[in-house]
Structure formats: C-alpha cells, structure tokens
Amino acid sequence: MDALWDSINVRDLLSARDLSDPTCPLSAPDLRLLIQRLDSHSLHIKSKVQSYIVSHHDQFANLFSLCNDAVSQSDLISADISDLLRLNSDRPIEVEIRDAVEELTAKTREARTSREMLELARVIVGTSERLKGAREAMRNGRLSFAAEEVRDLEKALRVRDRYGDVVDQSEGQTEPVVYGLLKKEWSDCFEEIQEVLMKFMETAVRYERDTSRLRVQYQLSLQEIDGIELQTVIKAMDVVGILDYGLSKVADLIIKYVVTPVVNHGVPVSFVEELTQDSKEMTEAVLNILPTGKIENVDGEAIYSGIVQVVKFIYKCICFENDSWIQSFGRLTWPRISELIICNFLSKVVPEDASKLSNFQKIIESTAQFETALKEMRFISASDDKDKRLTNFAENVEVHFASRKKTEILANARKLLIQCDFDVPQEYTRKSPVFKTNGMAVNSYDQVVDLLFLTGRCVVSKAATQLMKLVHQTLKDVCLSSTRVALEFYHAARDALLLYEVVIPVKLEKQLDSINQVAVLMHNDCLYLSQEILGLAFEYRSDFPSSIKEHAVFADIAPRFHLMAEEILQKQIQLIIFNLKEAVDGANGFQNTHLKQQFELAKFSVDQVIFILEKVHIIWEPLLLPSTYKKSMCMVLESVFTRITTDILLLDDIAADETLQLQRLIHRMLDNLSSLFESLIAVGQKEKPQEDLLPSVDNLIPSLCKIRKLAELLDMPLKSITTAWESAQLVSCSFTSSEVEDFIKSIFTDSPLRKECLWRIEKTRF
C-alpha cells in the first residue's frame with residue numbers, strides 16, 4: 001500500500017527530453033501522450049486500492065462496528081443525563097435534606113450553648129457563694145480560710161495579671177455585666193478583710209508613750225471576733241498579698257518611737273524584753289525603752305547594738321522567725337533606718353582633717369559587723385548591694401571627706417572674693433612718701449607681688465593674694481592625700497580659681513565702666529593669677545599622686561586670666577581715649593583762638609586733657625608694671641597729641657595773633673605734662689640706661705615730636721619753614737608735604753615768596 005503513495009515523476013511519463021530548457025516547449029502530441037499515461041496510471045492506482053480493501057475486509061468491518069458501538073453508548077449517556085436533570089427539576093429532595101441538616105445543626109448548637117450557659121450559671125452561683133462564704137468565715141474568725149478563698153477567687157476572676165497589676169479594661173472592650181458584678185463583690189470582700197486585718201494589727205502592736213514601752217499582744221479580739229492569734233493575722237495578710245501594707249503602720253511606729261531615739265546621739269537608750277506566757281501559749285511581749293546616762297558614741301557601737309536588739313525583738317516577737325516576713329519588714333524600714341544613721345551619725349563623724357581618716361577605720365569595721373548581723377536575721381538582703389548603704393557610705397568616707405572639704409574650700413573662696421574690697425592703701429599712691437622715694441611701694445603689705453615669668457612687681461588686691469594662699473594650701477593637701485581625695489582637692493583648686501572669673505567681674509561691673517584704681521587692680525590680679533597658675537604645675541606636679549599626674553592640668557586656665565587682664569586694660573585705654581576725645585571736641589577745632597571767648601574754650605579743653613592725663617598718671621604709675629605703664633600711657637598720649645595736631649593743621653586761615661595763642665596752648669599742655677614725661681623717662685632709663693633720655697620719649701610718642709615742632713612752626717618765618725622742610729627736619733617729625741603746604745597757605749598771604757617756597761617744598765621729595 002505504501003507504493004501507492006509514491007510520487008509520480010512527470011519526467012518518467014515523457015520521452016527523453018530536457019524539460020528545463022525554456023526554448024523548447026511541449027508540443028500538442030507530447031501533451032496528449034502525457035494525458036494518456038496519467039489516466040493509465042490512475043486506473044492502476046484504483047485497482048490496487050480496491051484489491052487492498054478486499055484483502056482487509058475483516059479489519060475494516062471491525063473498525064466500523066466499534067465506531068457504531070461508541071455512538072450508541074454516547075446516546076445512552078445523553079439520555080441518562082437528561083433524565084437526571086429532569087428528576088432534579090421536578091423533585092428537589094436534596095434541598096429538603098440540606099434544610100434538615102441545617103436545622104439539626106442549629107438545634108445541636110443551641111443545646112451546647114444552653115449547657116455552657118447552665119455551667120456558667122453554676123460557676124457564677126458557686127463564685128458568689130464562695131465570696132459569701134469567705135465573708136462569713138471572716139466574721140466567724142476563720143481568717144486563714146477567708147484569706148485563701150479571696151486569693152483563689154482573685155485568680156479565678158483574673159483581677160490581676162501575671163505581673164501582679166490590676167487588670168484595666170481597655171477602651172472599646174466590654175465584659176459581661178455579671179463578670180463585672182462578681183469582680184465588684186470580690187473587691188468589696190477584699191477591702192473588708194483588709195480592713196479587719198489592719199485593725200487586728202493596730203490592736204496587736206502598740207506603743208505606750210507614758211511608759212515608753214512597745215507592747216505586742218498575741219491573743220486578739222475585735223468586736224464579735226475573739227481568740228485570734230497574731231500569727232494567724234500575719235499569715236492571712238501574707239496570703240491575701242497585703243503583708244507590706246499591713247506591716248507599714250507597725251514599721252512607722254517602730255521607726256518613730258524606737259529607732260529614732262537609738263540613732264539620736266542625745267538620747268541613749270537600752271532595751272529590756274518582757275514575755276508573758278499563759279499556760280503553754282505566749283500572750284504578750286513587751287520591749288521597754290529605758291533612757292540611760294550620757295555616753296560617748298564614738299564608733300557607733302551603742303547605735304548599732306540598740307538597733308540589732310530591736311530587730312531581734314521584731315524577728316522573734318512580731319515576725320515569728322519567719323524569713324519572708326522579716327524581709328518584708330526590712331524592705332519597709334531599712335531605707336529609713338540607714339538614712340537616719342547616715343544623717344545623724346556617719347556624716348557627722350566624717351573627719352575634718354585628712355590625717356584623721358585612719359581613725360575612721362573602727363567605724364567602718366563596726367558598720368560592717370552591724371550589717372552582717374542584719375543579714376544573718378534576713379532583715380536585709382545578703383546579695384543585693386543596694387542594702388549595703390551604711391558600708392558603702394563608710395568605705396567611701398574619703399570621698400565624703402573630700403566632698404565636704406571641696407565644698408568648704410569653694411565656700412571660703414567665694415566668701416573672700418565677695419567680702420574683700422579693692423581699695424588701694426595710701427602706701428600705693430604717688431602721693432605717698434614711700435612711693436616718692438622708690439617709685440613703687442615697699443612690701444609693707446602682701447599686696448605687692450613678684451611675677452614668676454615677668455620682670456617687675458605689681459600691686460594686687462587682697463582677694464587675689466588670699467585666693468592664691470587658699471589654692472596653694474589645697475594643692476599641698478593634694479600631695480599628701482590618697483588618690484580619690486587628691487582628685488577632689490585638685491578640682492577644688494581649679495574651681496576656686498575659676499570663681500574669680502565668675503564673681504569679681506559681676507561684683508565690679510560698675511567700676512569697670514569708669515577710670516579708677518579698681519579696674520587697674522583687677523588687671524593686675526588677672527595678670528598675677530595667670531603667672532601663678534602657670535607655675536603651679538612646676539611647683540606641685542612632681543609630688544602629686546601618680547594616678548592624677550596625667551590629669552592635673554592648670555595651663556588651660558592661665559590664658560583665660562591673661563586675656564581677661566588684656567581686655568580690662570584695653571577697655572580702660574579706650575575709656576581714657578574717649579574722654580580725651582570729648583575734651584578736645586570742646587575746643588571746636590581750635591578755631592579763632594585770637595578771640596577771647598574761643599581762646600577760653602580752647603584753654604578749658606586743654607586743661608581737661610591735662611586733668612585726665614594727670615589722673616591716669618596718678619592711678620597707673622604706682623599700680624601697673626613699668627613696662628605696661630609705659631606702653632599704655634604712650635598709646636594714650638599718641639592718640640591725644642595726634643588729634644590736637646591734626647585739628648590745628650586743618651585750620652585754613654590762621655591770623656598772626658592766633659598763631660601765638662595756639663603756641664601758648666601747646667606749651668601750656670606740654671609744660672603741665674612734664675611730670676608725666678619724667679615718669680616715662682624714668683621707666684626708659686631703667687630699661688635702657690645708656691640711651692639719650694629725650695629722644696627716647698620722642699621715639700615712644702611720635703606725635704610728641706610733631707606737636708613740639710608745630711609749636712615752633714607757629715612762630716617761624718616762611719623761609720625758615722621752607723629750609724626746615726628741605727633739611728628734612730619736618731619729615732623726621734612725621735610732617736607730610738601737603739600738611740606743610742596747607743600750613744603755609746593758612747598763615748601766610750599769597751605772594752611771590754610764598755609761591756616760591758611752595759614750589760621748593762613741592763620739588764623736594766624724600
């Protein structure tokens with residue numbers, strides 16, 4: 001059969017010709033031949049197909065039969081589906097079944113809910129009955145049973161969470177009304193039993209003021225409840241969870257009337273225990289507090305033994321040797337007891353002298369033994385370091401001593417800074433005979449000091465000298481102290497120095513805004529302190545404890561005081577220059593001094609300048625270092641001389657009489673300042689004794705030479721002025737060509753000679 005599907009090759013049906021040649025198409029005979037051969041070939045194929053089907057007749061018959069069966073089965077399935085669909089539409093039994101199942105489920109759920117509600121009702125009724133039973137048991141004196149019921153019901157009602165905090169209903173959440181009512185009923189029951197237990201405790205432990213006795217009763221009664229034992233009451237409080245609250249009033253009573261007299265040094269006491277026993281049961285215990293004679297409580301033995309005796313009484317007679325109860329009592333009382341001991345005893349016996357610190361060792365030992373005894377009775381915790389309050393304080397006595405001394409040092413420093421005045425004694429003024437003899441007051445007071453790193457001596461305030469004495473004494477204590485004490489002393493010394501920077505500028509605020517001796521003294525103080533601070537490390541560092549040598553630094557403070565000194569001095573200089581400027585402004589530019597009124601104004605202005613400079617001279621010379629005095633005074637003189645010279649040179653028209661008046665004013669000023677110049681000469685002579693004195697002053701104050709030359713020019717002829725310019729005399733006095741030209745134009749009228757002189761001055765250049 002495969003041969004039937006072989007491809008037919010047209011080339012095989014034609015004669016041997018090249019069909020690929022386009023130039024030779026097929027002829028009509030060829031085409032007819034081709035058609036005949038194709039028909040023949042087709043008949044041959046049909047014959048083969050027919051013979052193949054005949055030979056395989058059985059197989060084809062089976063195939064057609066199978067197809068017929070498949071079609072029949074499909075028709076049957078289609079009929080069944082049609083019947084099923086018709087059945088569902090005509091009789092919905094499944095819907096009925098579903099409804100029945102749902103109804104059965106709802107009934108079952110209702111039955112289960114009813115059972116749960118019934119069970120809940122039984123629980124509610126049972127809880128309510130238990131609460132009533134607890135109240136009834138409490139009224140009948142069965143406190144233990146009532147307490148256990150309250151505790152169990154608290155857990156059942158979930159009044160508190162696992163951390164012991166009361167459960168708070170969150171916003172937006174509601175709880176069943178019955179549940180809330182049960183919690184309210186439990187709360188009322190809890191408050192009732194708490195109130196009863198607290199009344200029992202108040203009855204059990206009492207303090208009798210008249211007889212100074214602490215009485216503990218073991219057989220208690222309250223209203224209709226009789227025969228209740230104290231131990232039962234405490235157990236009930238522990239079960240309910242109010243043990244701390246129940247013991248708090250007892251703790252307050254014992255602290256107030258028993259412990260406080262023990263700790264108070266003025267009221268030494270002793271204790272006597274009395275136990276009353278009826279048959280085999282203890283009925284009463286009494287602690288008698290008996291005042292004793294005045295004793296010396298040096299190492300705290302009386303205090304510690306008394307408190308130990310009180311704690312033993314509590315442990316035995318109130319807590320019944322129950323470790324949990326005595327721990328609760330200790331938590332309530334120990335913080336206050338330890339605070340009383342620290343405030344009324346330990347802090348008061350802290351040594352005031354570093355040499356006595358070793359004597360405090362006995363107190364440290366007795367304090368440690370006291371806390372050990374309390375630990376053995378479980379009154380304080382053996383593992384919690386917070387309960388070692390007394391031992392920690394006693395062992396840190398060096399720190400407390402140093403802290404107290406630091407506070408004392410700073411208090412003394414502040415006191416002397418506030419109380420000390422800045423008045424300059426008569427010995428330190430220019431009017432003093434002592435000063436006139438030596439130029440600086442002799443060291444009749446401690447206020448004349450030498451500067452460590454500068455030449456010369458200066459006067460300082462008592463505040464500065466006393467402050468440095470305090471600092472030196474503190475640093476000496478640093479060298480002799482332990483590490484912790486030395487570190488506190490070191491900080492105290494630094495803070496004491498810094499107090500000057502804080503206190504004095506505020507104290508002297510008004511004086512610093514005017515020209516006076518106080519400002520100069522403060523300048524000297526800051527300079528002196530900066531020098532002394534720089535020397536502290538060299539003087540004491542080698543003797544400091546090795547552990548603080550690296551941390552002990554003073555060099556950072558010295559620049560602050562040096563800068564403060566410079567700021568104070570510069571402020572004084574600026575104040576003086578401002579006052580001189582105002583005085584010169586009163587001369588109205590020295591115009592028209594040939595008129596009497598204008599001359600008097602100019603004269604008054606010059607007198608004001610002389611007065612201010614002489615005042616500064618009187619204040620500065622005896623107090624400032626010579627070098628500082630010379631530098632600062634030259635700065636002031638340079639400023640005022642430059643201003644006066646400039647004002648005169650700016651005059652555009654000077655009459656002949658006016659030149660003489662201006663010359664008189666200049667001479668008047670320079671003559672009255674002769675003592676001031678002499679003081680500068682004296683300073684220069686000490687610094688450079690080989691140099692000529694007068695030029696040295698002119699070199700220090702360039703404008704002095706210029707104003708002197710100006711006085712000469714006011715009385716010189718025109719040719720002499722020109723010659724002085726050409727000879728460079730005026731240039732050496734800091735005159736410029738424009739100043740000389742303007743000066744000539746203001747004095748001399750226009751003439752050929754003036755033109756010639758001006759031309760000569762213009763041509764002469766330097």
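**Notes on the predicted model**

1. His 523 is buried, at 3% relative accessible area (buried means under 20%, exposed over 50%, partly exposed in between, with a 1.4 Å probe and protein chains only). His 523 sits in helix 17, residues 517–540. Setting aside residues up to four places away in sequence, His 523 touches Ala 565, Ile 568, Leu 569, Leu 624 and Thr 628 (contact means heavy atoms within 4.5 Å).

2. A word on the ground rules: this is a predicted model, where local features need pLDDT of at least 70, side-chain atom pairs count only at pLDDT 80 or more, and totals for chains, interfaces and linings use all residues. Residues are numbered from 1 along each chain as its sequence is written, and side-chain values use heavy atoms, with hydrogens and water left out.

3. On the whole chain: it has 29 helices and eight strands (DSSP runs numbered from the N terminus, helices being H or I of at least four residues and strands E of at least two). Of its 766 residues, 40% count as buried. Among contacts between residues at least 6 apart in sequence, 70% join residues at least 24 apart.

4. Have a look at helix 9 (residues 301–318) against helix 11 (residues 361–376): they pack at about 0 degrees, with axes 10 Å apart (axes are lines fitted to C-alpha atoms over the stretch in contact, and angles run from 0 to 180 degrees between N-to-C directions). The two helices are therefore roughly parallel, the term for angles under 35 degrees. Helix 9 brings Glu 301, Tyr 304, Ile 307, Val 308 and Val 311 to the contact, and helix 11 brings Ser 366, Thr 367, Phe 370, Ala 373 and Leu 374.

5. Worth checking is the loop between helix 9 and helix 10 (323–346), where Phe 320 is found. Phe 320 has a positive phi of about 55 degrees although it is not a glycine. Glu 321, in that loop too, has a positive phi near 60 degrees. Most residues other than glycine have a negative phi. At 23% relative accessibility, Phe 320 counts as partly exposed.

Definitions and conventions
Parallel < 35°, antiparallel > 145°, perpendicular 65-115°, else oblique.
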